[in-house]
Amino acid sequence: MLQQIGSFLVDVVAGFFVYLLLARFLFQWLRVPFRNVLGEFIIAGTSWMVVPARRVVPSLAGLDVSSLLLAWLLQALLLYVLYLIAGIDFGSAPGIGAGALPVLALVDLVRFTLYVLVFALIVQAVLSWVSPHSPVAPIFDALTRPFLRPIRRFIPPIANVDLSPLVLILVLLVLLVPIAELRQVAGGLF
(Lines give C-alpha, C1' and ligand atoms only; values in the text may rest on other atoms or scores of the structure.)
Protein backbone atom coordinates (compact mmCIF):
# COMPACT_ATOMS: atom_id res chain seq x y z
CA MET A 1 0.00 0.00 0.00
CA LEU A 2 2.81 2.45 0.82
CA GLN A 3 4.44 1.55 -2.49
CA GLN A 4 1.25 2.52 -4.35
CA ILE A 5 0.92 5.79 -2.42
CA GLY A 6 4.56 6.64 -3.07
CA SER A 7 4.25 5.86 -6.77
CA PHE A 8 1.07 7.90 -7.02
CA LEU A 9 2.55 10.95 -5.29
CA VAL A 10 5.78 10.86 -7.32
CA ASP A 11 3.80 10.43 -10.55
CA VAL A 12 1.43 13.31 -9.79
CA VAL A 13 4.10 15.81 -8.72
CA ALA A 14 6.62 15.02 -11.46
CA GLY A 15 3.88 14.59 -14.07
CA PHE A 16 2.54 18.05 -13.22
CA PHE A 17 5.90 19.62 -14.03
CA VAL A 18 6.32 17.50 -17.18
CA TYR A 19 2.97 18.77 -18.45
CA LEU A 20 3.88 22.37 -17.54
CA LEU A 21 7.19 22.13 -19.41
CA LEU A 22 5.48 20.52 -22.39
CA ALA A 23 2.80 23.22 -22.38
CA ARG A 24 5.51 25.89 -22.27
CA PHE A 25 7.15 24.35 -25.33
CA LEU A 26 3.81 24.01 -27.17
CA PHE A 27 2.82 27.60 -26.36
CA GLN A 28 6.11 28.86 -27.73
CA TRP A 29 6.07 26.58 -30.79
CA LEU A 30 2.46 27.41 -31.72
CA ARG A 31 2.95 31.11 -30.89
CA VAL A 32 0.30 31.17 -28.19
CA PRO A 33 0.62 34.43 -26.25
CA PHE A 34 1.87 34.08 -22.68
CA ARG A 35 0.18 37.31 -21.55
CA ASN A 36 -2.84 35.61 -20.02
CA VAL A 37 -3.67 33.75 -16.82
CA LEU A 38 -2.70 30.32 -18.14
CA GLY A 39 0.49 31.52 -19.82
CA GLU A 40 1.64 33.39 -16.72
CA PHE A 41 0.98 30.30 -14.60
CA ILE A 42 3.06 28.16 -16.97
CA ILE A 43 5.92 30.68 -16.94
CA ALA A 44 5.82 31.01 -13.13
CA GLY A 45 5.76 27.23 -12.65
CA THR A 46 8.64 26.45 -14.99
CA SER A 47 11.02 29.42 -15.03
CA TRP A 48 12.98 28.14 -12.06
CA MET A 49 14.03 25.17 -14.24
CA VAL A 50 14.05 26.66 -17.73
CA VAL A 51 16.04 29.85 -17.12
CA PRO A 52 19.15 28.02 -15.82
CA ALA A 53 18.81 25.37 -18.53
CA ARG A 54 18.81 28.03 -21.23
CA ARG A 55 22.35 28.94 -20.25
CA VAL A 56 23.43 25.47 -21.29
CA VAL A 57 20.88 24.52 -23.99
CA PRO A 58 20.44 27.16 -26.70
CA SER A 59 17.24 27.56 -28.67
CA LEU A 60 17.08 25.86 -32.04
CA ALA A 61 15.30 27.49 -34.99
CA GLY A 62 13.51 29.78 -32.56
CA LEU A 63 12.19 26.90 -30.47
CA ASP A 64 12.66 26.65 -26.71
CA VAL A 65 14.52 23.35 -26.75
CA SER A 66 15.43 23.65 -23.07
CA SER A 67 11.77 23.26 -22.02
CA LEU A 68 11.34 20.18 -24.18
CA LEU A 69 14.64 18.67 -23.05
CA LEU A 70 13.76 19.28 -19.39
CA ALA A 71 10.35 17.65 -19.89
CA TRP A 72 12.04 14.63 -21.47
CA LEU A 73 14.68 14.34 -18.74
CA LEU A 74 12.12 14.78 -15.98
CA GLN A 75 9.89 12.09 -17.52
CA ALA A 76 12.86 9.71 -17.80
CA LEU A 77 13.75 10.39 -14.16
CA LEU A 78 10.12 9.86 -13.17
CA LEU A 79 10.05 6.49 -14.93
CA TYR A 80 13.32 5.49 -13.27
CA VAL A 81 11.98 6.36 -9.82
CA LEU A 82 8.66 4.60 -10.47
CA TYR A 83 10.49 1.44 -11.56
CA LEU A 84 12.71 1.63 -8.48
CA ILE A 85 9.65 1.96 -6.23
CA ALA A 86 8.12 -1.03 -8.02
CA GLY A 87 11.22 -3.06 -7.20
CA ILE A 88 12.75 -3.29 -10.66
CA ASP A 89 16.48 -3.97 -10.38
CA PHE A 90 18.52 -2.08 -12.97
CA GLY A 91 21.79 -3.58 -11.72
CA SER A 92 21.30 -6.87 -13.57
CA ALA A 93 20.86 -5.20 -16.97
CA PRO A 94 21.94 -1.54 -16.82
CA GLY A 95 22.15 -1.26 -20.62
CA ILE A 96 18.48 -2.08 -21.04
CA GLY A 97 17.50 0.55 -18.49
CA ALA A 98 19.79 3.16 -19.99
CA GLY A 99 18.42 2.51 -23.47
CA ALA A 100 14.75 1.90 -22.72
CA LEU A 101 14.05 4.72 -20.25
CA PRO A 102 14.86 7.56 -22.68
CA VAL A 103 12.77 5.87 -25.40
CA LEU A 104 9.88 5.37 -22.98
CA ALA A 105 10.14 9.01 -21.89
CA LEU A 106 10.06 10.16 -25.52
CA VAL A 107 7.01 8.01 -26.27
CA ASP A 108 5.35 9.44 -23.16
CA LEU A 109 6.02 13.01 -24.32
CA VAL A 110 4.37 12.28 -27.66
CA ARG A 111 1.44 10.70 -25.83
CA PHE A 112 1.16 13.68 -23.44
CA THR A 113 1.22 16.10 -26.39
CA LEU A 114 -1.72 14.28 -27.93
CA TYR A 115 -3.52 14.41 -24.58
CA VAL A 116 -2.93 18.17 -24.38
CA LEU A 117 -4.36 18.64 -27.87
CA VAL A 118 -7.43 16.51 -27.11
CA PHE A 119 -7.97 18.47 -23.89
CA ALA A 120 -7.58 21.80 -25.71
CA LEU A 121 -10.08 20.72 -28.39
CA ILE A 122 -12.66 19.65 -25.80
CA VAL A 123 -12.26 22.85 -23.79
CA GLN A 124 -12.46 24.94 -26.96
CA ALA A 125 -15.67 23.18 -28.03
CA VAL A 126 -17.27 23.60 -24.61
CA LEU A 127 -16.26 27.25 -24.42
CA SER A 128 -17.70 27.90 -27.89
CA TRP A 129 -21.08 26.68 -26.64
CA VAL A 130 -21.05 28.09 -23.10
CA SER A 131 -18.88 31.21 -23.13
CA PRO A 132 -17.41 32.04 -26.54
CA HIS A 133 -16.01 35.37 -25.31
CA SER A 134 -14.17 33.88 -22.34
CA PRO A 135 -10.68 35.32 -21.75
CA VAL A 136 -9.11 31.86 -22.17
CA ALA A 137 -10.92 31.06 -25.45
CA PRO A 138 -8.19 32.65 -27.62
CA ILE A 139 -5.56 30.49 -25.88
CA PHE A 140 -7.26 27.25 -26.85
CA ASP A 141 -8.02 28.59 -30.31
CA ALA A 142 -4.33 29.39 -30.85
CA LEU A 143 -3.35 25.91 -29.61
CA THR A 144 -5.70 24.09 -31.94
CA ARG A 145 -5.93 26.33 -35.02
CA PRO A 146 -2.78 24.97 -36.78
CA PHE A 147 -4.11 21.43 -36.49
CA LEU A 148 -7.69 22.27 -37.45
CA ARG A 149 -6.82 24.41 -40.50
CA PRO A 150 -5.99 21.48 -42.85
CA ILE A 151 -9.11 19.58 -41.79
CA ARG A 152 -11.33 22.62 -42.34
CA ARG A 153 -10.19 22.74 -45.96
CA PHE A 154 -11.79 19.35 -46.59
CA ILE A 155 -14.70 19.41 -44.14
CA PRO A 156 -16.68 22.65 -44.33
CA PRO A 157 -19.16 23.58 -41.59
CA ILE A 158 -22.52 21.84 -41.92
CA ALA A 159 -25.43 24.15 -41.00
CA ASN A 160 -22.95 26.41 -39.14
CA VAL A 161 -21.62 23.47 -37.09
CA ASP A 162 -17.87 22.96 -37.33
CA LEU A 163 -17.11 19.24 -37.29
CA SER A 164 -13.34 19.63 -37.69
CA PRO A 165 -12.64 19.42 -33.90
CA LEU A 166 -14.51 16.11 -33.77
CA VAL A 167 -12.54 14.77 -36.73
CA LEU A 168 -9.25 15.88 -35.16
CA ILE A 169 -10.14 14.28 -31.83
CA LEU A 170 -10.87 11.01 -33.65
CA VAL A 171 -7.53 11.21 -35.49
CA LEU A 172 -5.67 11.91 -32.24
CA LEU A 173 -7.40 9.04 -30.44
CA VAL A 174 -6.53 6.69 -33.30
CA LEU A 175 -2.89 7.85 -33.07
CA LEU A 176 -2.90 7.06 -29.34
CA VAL A 177 -3.58 3.36 -30.04
CA PRO A 178 -0.22 2.55 -31.74
CA ILE A 179 1.58 4.83 -29.30
CA ALA A 180 0.12 2.84 -26.40
CA GLU A 181 1.23 -0.39 -28.08
CA LEU A 182 4.73 1.01 -28.62
CA ARG A 183 4.93 2.07 -25.00
CA GLN A 184 3.78 -1.35 -23.85
CA VAL A 185 6.43 -3.06 -25.98
CA ALA A 186 9.17 -0.72 -24.76
CA GLY A 187 7.97 -1.04 -21.16
CA GLY A 188 8.01 -4.82 -21.46
CA LEU A 189 11.81 -4.76 -21.53
CA PHE A 190 11.84 -4.49 -17.75
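This is a predicted model: local features need pLDDT of at least 70, side-chain atom pairs count only at pLDDT 80 or more; totals for chains, interfaces and linings use all residues.
The side chains of Arg54 and Asp64 meet in a salt bridge, with 3.0 Å from N to O. Such a bridge means a side-chain nitrogen of Lys or Arg within 4 Å of a carboxyl oxygen of Asp or Glu. The pair links distant parts of the chain: Arg54 sits in helix H2, while Asp64 belongs to the loop between H2 and H3, ten residues apart. Side chains of opposite charge can pair when their charged atoms come close.

Residues are numbered from 1 along each chain as its sequence is written, and side-chain values use heavy atoms, leaving out hydrogens and water.

Now step back to the whole chain. Its secondary structure comes to six helices and zero strands (DSSP runs numbered from the N terminus: helices are H or I with at least four residues, strands E with at least two). The C-alpha atoms fill a box of roughly 60 × 35 × 35 Å along the principal axes.

Next, see how helices pack. H1 (residues 2–29) and H3 (residues 65–85) meet at about 170 degrees, with their axes 8 Å apart. H1 and H3 are therefore roughly antiparallel to each other (over 145 degrees, on a scale from 0 to 180 between N-to-C directions). The residues of the contact of H1 with H3 divide into 15 nonpolar, six polar and two charged.

H2 (residues 37–56) packs against H3 at about 115 degrees, with their axes 9 Å apart. H2 and H3 are therefore roughly perpendicular to each other (65 to 115 degrees).

How values were computed: Angles under 35 degrees count as roughly parallel, over 145 as roughly antiparallel, 65 to 115 as roughly perpendicular and the rest as oblique. Ala, Val, Leu, Ile, Met, Phe, Trp, Tyr, Cys and Pro count as nonpolar, Asp, Glu, Lys and Arg as charged, and the others, Gly among them, as polar.
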